[in-house]
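Below is a short note on the model you sent.

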Amino acid sequence: MAFESLSDKLQNIFKNLRGKGRLTEEDVKAALKEVKIALLEADVNFKVVKDFVKKVNERAVGQDVMNSLTPGQMVIKIVNEELTNLMGSETTELKLLPDNQITVIMMMGLQGAGKTTTTAKIAGKLKAKGKRPLLVACDVYRPAAIEQLKINGEKQQVPVFSMGDKQKPLNIAKAAIEHAKKNNNNVVILDTAGRLHVDEDMMNELVEIRDNIELTQTVLVVDAMTGQDAVNVAKEFNEKIGIDGIIVTKLDGDTRGGAALSIKAITGKPILYIGMGEKLSDLEQFHPDRMASRILG
Ligand code: GDP
């Protein structure tokens with residue numbers, strides 16, 4: 001397939017400008033048009049694209065071209081840096097309390113986003129760090145979800161706490177923390193219920209847990225394949241519950257990852273990990289610079 005990457009396109013636009021000392025408004029305008037198209041194609045939210053292009057424009061026009069670079073490379077450099085900034089300039093870790101305290105993490109997300117799988121993936125990572133996690137089945141609406149968590153917990157050799165489907169999620173969470181105290185578990189990960197759409201009951205249930213349990217952090221799991229929907233979901237969860245960190249799943253697919261960029265830009269919350277497959281080991285640290293390159297193609 002003859003696929004021209006954005007970098008190639010920008011090099012082309014500037015190919016006659018080699019040696020020119022300073023980026024003019026005209027040059028930058030032509031380049032930013034390509035940048036805009038590439039970002040929209042990568043499913044980046046329209047408003048995010050607009051703000052981004054404006055920012056790059058302000059920085060690039062009138063900028064001296066570094067001696068070692070062509071004008072095209074100079075614009076690419078600026079685009080890359082700004083894109084990386086927008087995505088959070090460094091990797092962010094899950095917040096964990098010292099080993100003698102219990103870290104409580106509430107996992108949230110729509111059904112199918114990959115929440116239960118990701119919960120087990122995180123448990124594996126924490127175990128490898130020497131933590132003693134306890135997974136908690138708070139999805140009382142789908143017995144299959146409880147079963148899935150148990151199976152995944154077993155695969156990771158991490159205990160799973162469940163009270164079946166007759167108790168309120170808040171009560172399950174409270175009991176789980178007591179259980180953790182008695183059994184020497186120092187990270188409690190609540191796998192809450194996912195619905196097909198954001199609805200009020202779901203939000204109320206999460207608010208009830210948030211208001212009655214001392215959560216160390218809330219983590220939202222979103223599916224990169226759902227593009228702009230993922231952005232709306234993140235916005236809504238952030239407004240109603242408050243999210244501390246985000247995990248974007250299914251980035252092993254052919255999506256360019258524009259959703260990841262938009263979610264970060266719109267919520268301002270860090271992306272902690274990315275899901276790169278169905279296997280329980282397929283969870284990677286999020287690197288803003290790598291995602292920037294992926295989006296630019
Ligand atoms: P939940 O309803 O949010 O708990 O979602 P599940 O954890 O049950 O995941 C839904 C589907 O997505 C399952 O088939 C998972 O194997 C799959 N899945 C989860 N994370 C990833 C990922 O990062 N990449 C891929 N390709 N599939 C994933």
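**Note on the predicted model**

1. Asp8 lies in helix α1 (residues 6-13); helices here are DSSP runs of H or I with at least four residues, numbered from the N terminus. Asp8 counts as partly exposed because its relative accessibility is 40%, the class between buried (under 20%) and exposed (over 50%), with a 1.4 Å probe and protein chains only. Lys182 is 174 residues from Asp8 along the chain, and their C-alpha atoms are 60 Å apart.

2. This is a predicted model, in which local features need pLDDT of at least 70 and side-chain atom pairs count only at pLDDT 80 or more, while totals for chains, interfaces and linings use all residues. Residues are numbered from 1 along each chain as its sequence is written, and side-chain values use heavy atoms, with hydrogens and water left out.

3. The ligand is surrounded by 18 residues, with Gly112, Lys115, Thr117, Asp252 and Glu278 the closest. Helix α5 (residues 115-128) gives the largest share of the shell, four residues.

4. Which polar contacts (N or O pairs within 3.5 Å) does the ligand make? A polar side-chain atom of Asp252 is 2.8 Å from a ligand nitrogen atom. On its own the ligand has 580 Å² of accessible area, and the protein covers 80% of that (Shrake-Rupley method, 1.4 Å probe).

Methods:
Near = heavy atom within 4 Å. Polar contact = N/O pair within 3.5 Å; in protein donor to acceptor, adjacent residues only side chain to side chain. Helix = DSSP H or I, 4+ residues; strand = E, 2+ residues; numbered from the N terminus.
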